[in-house]
Amino acid sequence: MIRIHDASQNLNDTEEYCSATLLPDWTSDLVGLGEWVFDSFEPSKRKIVVVWLPTRILASAFLSMGIMVASARRGLMPLNYTNFLNLPFGTKVLALEKDNRGRSRAVSKSILPGRGSSIRCLGGRGRTCIYEDSFPSHCLYPYTPLTERQQSLREDMKNFFSTISGREDGLWALVSKREAVIVTNRKGWNGHVENISLIYYRRNLQQPLLKMTELLQSGGDVENNAIRILLSSPGDQQPEVDANVPVLLDGPDALLSITSFHKNDVVILLDECEYDSATDQTIRELLSRRDEWVNPCFHSQRFQLIGCTYRRNRD
Amino acid sequence: MISLQFAEKLYLNKRNFSVSNECIRYDPVTQFIRQCHNLVNHLNTPAFEEISRAYIPHVLHLRNAVVHALQPFDSNSLDLDRLFARFSNDLCQVTEFPEYIEALYNNLTFILQNPLNPKLNWVQKTLEDLEGEKSVGVIAPSYHICTDSWIQEWTSILDSIYENNNLIRTERDIRNSTWDILIMPFGGKRLSFLNHIYRGYHSGKLYVLYYKGEAKAECQNPEPIKLHGQKVSNTLPDPETNISLRDISDEEELLERMFWNRHRETAKSKLIDEGDEDYFVPARLVLLGGNRLVYLSTEKSELVGSLDDAEGIADSFCRKRVSQLREGEYIVLRTGTNYDLVKTIADEKMERDNVKASVTLGWKDMLKKALNKTGVQKFEEYLRQNGLEVPCPNYVKAWTGEAILRPGSEERYFILLNTIRQCGVWESNDTVEELASKRWKEMLKIINYRRQAGFDIRKILLDKLGNILSEATEIGDELVVNLDDRFPGASISLFRIVDIDKKDENVPASRIDKLIEIETES
């Protein structure tokens with residue numbers, strides 16, 4: 001179970017541990033919603049989901065945590081041969097190798113030119129040439145080297161999500177991946193999240209308390225590959241992200257950014273008291289152009305949810 | 001963690017939320033409401049069109065003072081005698097009205113001679129029963145109803161009855177707090193932050209106090225969007241072009257409409273329309289600090305923000321729909337001589353990148369030729385026959401300029417080009433399908449250049465504002481920010497929003513974004 005703790009209190013380790021309380025039910029519902037958003041991704045269908053909540057405070061943070069849990073559970077998709085060939089020389093990849101005792105370990109390698117256009121070599125400790133026929137036997141993953149500080153943070157995050165997701169290999173955490181974009185008032189968002197720490201609690205397993213911002217690896221720097229949950233303000237030029245990265249529009253101001261994300265799954269979060277005719281009209285227009293309604297196998301008593309799908313890449 | 005506890009409280013309040021409607025049966029006030037209603041109805045007839053504009057607001061102000069008061073009726077802060085005198089002496093001179101005035105006078109005299117306010121009685125009894133354990137928020141009426149002296153009196157009365165209370169005057173007061181109990185000692189119709197009271201879950205219990213006969217807000221069962229499986233309609237409400245006051249039965253609304261109609265007339269008299277060349281767009285009138293008005297198009301979003309501190313300025317300035325503007329926020333409008341700044345910057349960039357906007361927008365020349373050949377009316381008829389509806393025939397002219405770059409969808413654009421071809425002015429070697437597909441994509445590029453230009457301007461603005469705010473310069477109704485030297489003559493100004501019309505109006509496009517100076521109200 002996940003416990004939550006007030007990081008603004010200056011306590012020692014034991015006191016911190018004891019003062020951590022269970023996550024409230026509504027946060028669990030939001031984590032569950034995030035998991036569903038990730039798991040229900042379909043390459044051919046684009047989802048638009050509107051969620052009316054008693055309050056948007058912390059909603060996008062817990063929802064993105066759910067996305068990360070689901071992403072950790074799914075693990076990492078290895079590179080396919082075509083993508084591998086398209087990577088420029090010098091790119092780092094992560095290769096899964098067996099050590100002397102037969103245990104898997106991830107090793108960083110660089111792509112080097114091989115003989116001909118369809119052969120590449122991997123540099124690093126030892127040099128391995130990779131042909132199309134031999135490619136399936138190599139487990140290669142996209143990889144961006146991190147600084148020491150980033151690595152240490154990522155190690156804690158890896159342990160947290162590996163334990164929750166039940167996927168122990170932790171490869172997912174080693175690779176830089178954009179998990180979600182949140183369009184929100186960044187200052188307000190950070191203000192709400194900054195004093196929250198989480199801990200995964202199980203008998204005989206004591207993990208360190210982690211600040212939620214570090215756990216989500218959230219930030220607003222588009223260029224920083226280490227950021228998993230990218231924060232963007234409604235007034236900013238919105239970042240370009242892959243179609244498989246869900247976008248959370250936090251509030252009516254963020255709703256105006258929807259045109260910048262015409263390929264992505266979008267979750268629109270609204271306070272019930274933010275209902276007004278313009279927001280209502282925008283949502284009705286979005287839903288009226290649907291191909292079909294979404295039928296989430298996820299239900300909560302705590303918020304209203306409505307959603308639909310479009311064919312992806314349709315304007 | 002405070003945010004987590006706050007959110008937790010809101011979720012809990014939602015689960016337990018209940019509204020208790022407490023109808024106060026006090027005949028003198030109920031009768032007084034009815035008498036005011038009858039008088040207003042009589043004034044709001046064609047025969048009294050001239051005087052109704054002057055006196056209806058006064059009658060309604062008196063009625064609102066009686067209905068919304070929590071203090072004793074003979075309180076100096078209410079000053080009911082003065083409010084009555086503002087219309088009674090004059091209307092007594094008009095043959096039809098002495099009877100109405102006399103009835104009102106008798107009732108008002110009774111109310112003043114028996115000043116114990118039944119709403120105050122109810123509040124006193126309820127709060128005393130709580131024994132100080134629960135936090136209570138009491139909602140004050142809108143600014144246009146109560147004065148500062150009212151608020152002072154309410155504060156001292158409430159503090160003397162119950163210590164653990166807060167008076168709530170604005171959306172800002174309620175937004176970040178919770179109470180065990182909220183009391184709204186009036187019907188709440190047309191209160192600007194009513195959504196927060198009924199759907200914000202700032203308390204688990206809401207008491208609404210209203211006299212029999214008093215207009216009451218109906219907002220108890222929020223269900224903004226039907227759940228899936230049910231039909232979601234896609235109809236646009238028609239913007240109003242001309243509201244007849246006589247069609248308005250709700251007096252609060254009447255008062256508000258009179259206020260905005262007066263401003264609409266001022267705006268109309270001060271702006272010169274472009275006559276036949278103009279087309280209509282839905283817009284809202286916004287009252288700005290320093291006695292200015294401006295029409296903002298509801299089809300677009302505006303850059304607005306709140307000026308709280310220099311550090312968070314980038315986050316507090318964003319684009320908002322006009323309907324979501326709130327009083328107290330600052331709106332950014334282009335001023336100075338270089339008016340169309342976004343286009344200027346975008347054009348410069350496109351020229352540098354060798355993007356030929358003139359080729360992309362060449363179809364606009366064909367449209368002009370088609371309009372010259374057939375006339376606007378006939379062209380609009382052809383469009384309609386082909387399945388494209390426009391708000392008015394002149395709207396087609398909007399597409400000949402660059403303010404509206406292209407129709408809303410590729411299908412509409414295809415119909416437009418097809419209609420141009422039908423008019424026999426087609427000058428392209430491509431088919432309609434080919435040209436529509438090609439130009440549609442190219443126009444997206446131009447839109448992206450303009451969007452980028454908008455972001456560039458915003459960045460310059462925010463940098464400059466950040467500097468101004470860090471120097472602790474006080475910002476009042478208006479702040480002019482001159483842009484960089486590379487944009488000579490270009491400036492943008494921030495204006496404080498005082499009030500926003502709640503209804504859209506179809507106005508000539510030439511009126512949009514033009515500042516209108518108005519006389520100071522006495």
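**Strands, buried residues and enclosed spaces**

In chain A, strand β15 is joined to strand β16 (residues 266-271) by 4 bridges, and the two strands run parallel. The model described here is predicted.

- Strand β15 (residues 247-250) of chain A is covered on both faces. A:Val247 and A:Leu249 lie on one side, A:Leu248 and A:Asp250 lie on the other, and all of them are buried.

**An open sheet in chain A**

- Chain A contains an open sheet of 5 strands, in the order β7-β6-β5-β4-β8, with antiparallel pairing.
- Its edge strands are β7 (128-130) and β8 (139-142) of chain A, each of which pairs on one side only.
- From one strand to the next, the twist averages 40°.
- Inside this order, strand β5 (residues 104-113) and strand β6 (residues 120-123) of chain A run antiparallel and are joined by 4 bridges.
- One of the residue pairs here consists of A:Ser110 and its bridge partner A:Gly123 in β6(A).

- A:Ser232 belongs to strand β14 (residues 229-232) of chain A.
- The relative accessible area of A:Ser232 is 3%, and therefore this residue counts as buried, the cut-off being under 20%.
- The side chain of A:Ser232 forms a polar contact of 2.6 Å with the side chain of A:Gln238.
- In chain B, B:Glu505 lies in strand β13 (residues 505-508).
- B:Glu505 is also classed as buried because its relative accessibility is 8%.
- The side chains of B:Glu505 and B:Arg264 are joined by a polar contact of 3.2 Å.
- B:Glu505 and B:Thr360 are 145 residues apart along the chain, and 33 Å separates their C-alpha atoms.

**The cavity**

- The structure holds 1 cavity of 30 Å³ or more, and the largest cavity contains about 30 Å³ of space.
- The lining of the largest cavity is formed by A:Ala72, A:Ser162, A:Ser165, A:Arg167, A:Asp169, A:Gly170 and A:Trp172.
- By residue type, this lining divides into 2 nonpolar, 3 polar and 2 charged residues.

**The second largest pocket**

- About 1000 Å³ of space lies in the second largest pocket.
- Three elements of chain A give two or more residues to the lining of this pocket: α2 (25-39), α3 (59-74) and β4 (92-98).
- The lining of the second largest pocket comprises 34 residues, and those nearest its centre are A:Pro142, A:Ser176, A:Lys177, A:Asp242 and A:Asn244.
- Of the residues in the lining of this pocket, 17 are nonpolar, 9 are polar and 8 are charged.

Notes:
Residues numbered from 1 in each chain as written. Chains lettered and ligands numbered in written order. Predicted model: local features only at pLDDT ≥ 70, side-chain atom pairs only at ≥ 80, totals over all residues. Heavy atoms only, no water. Pairing = 2+ DSSP bridges. Axes fitted to C-alpha atoms, helices over the stretch in contact; angles between N-to-C directions. 1 Å grid on protein atoms, 1.4 Å probe; cavity = no way out; pocket = protein on both sides within 12 Å on 5 of 7 lines; lining within 4 Å. Points joined across faces, edges and corners; volume = space filled by probe spheres on them. Nonpolar A, V, L, I, M, F, W, Y, C, P; charged D, E, K, R; others polar. Buried < 20%, exposed > 50% of the residue type's maximum accessible area, 1.4 Å probe, protein only. Polar contact = N/O pair within 3.5 Å; in protein donor to acceptor, adjacent residues only side chain to side chain.
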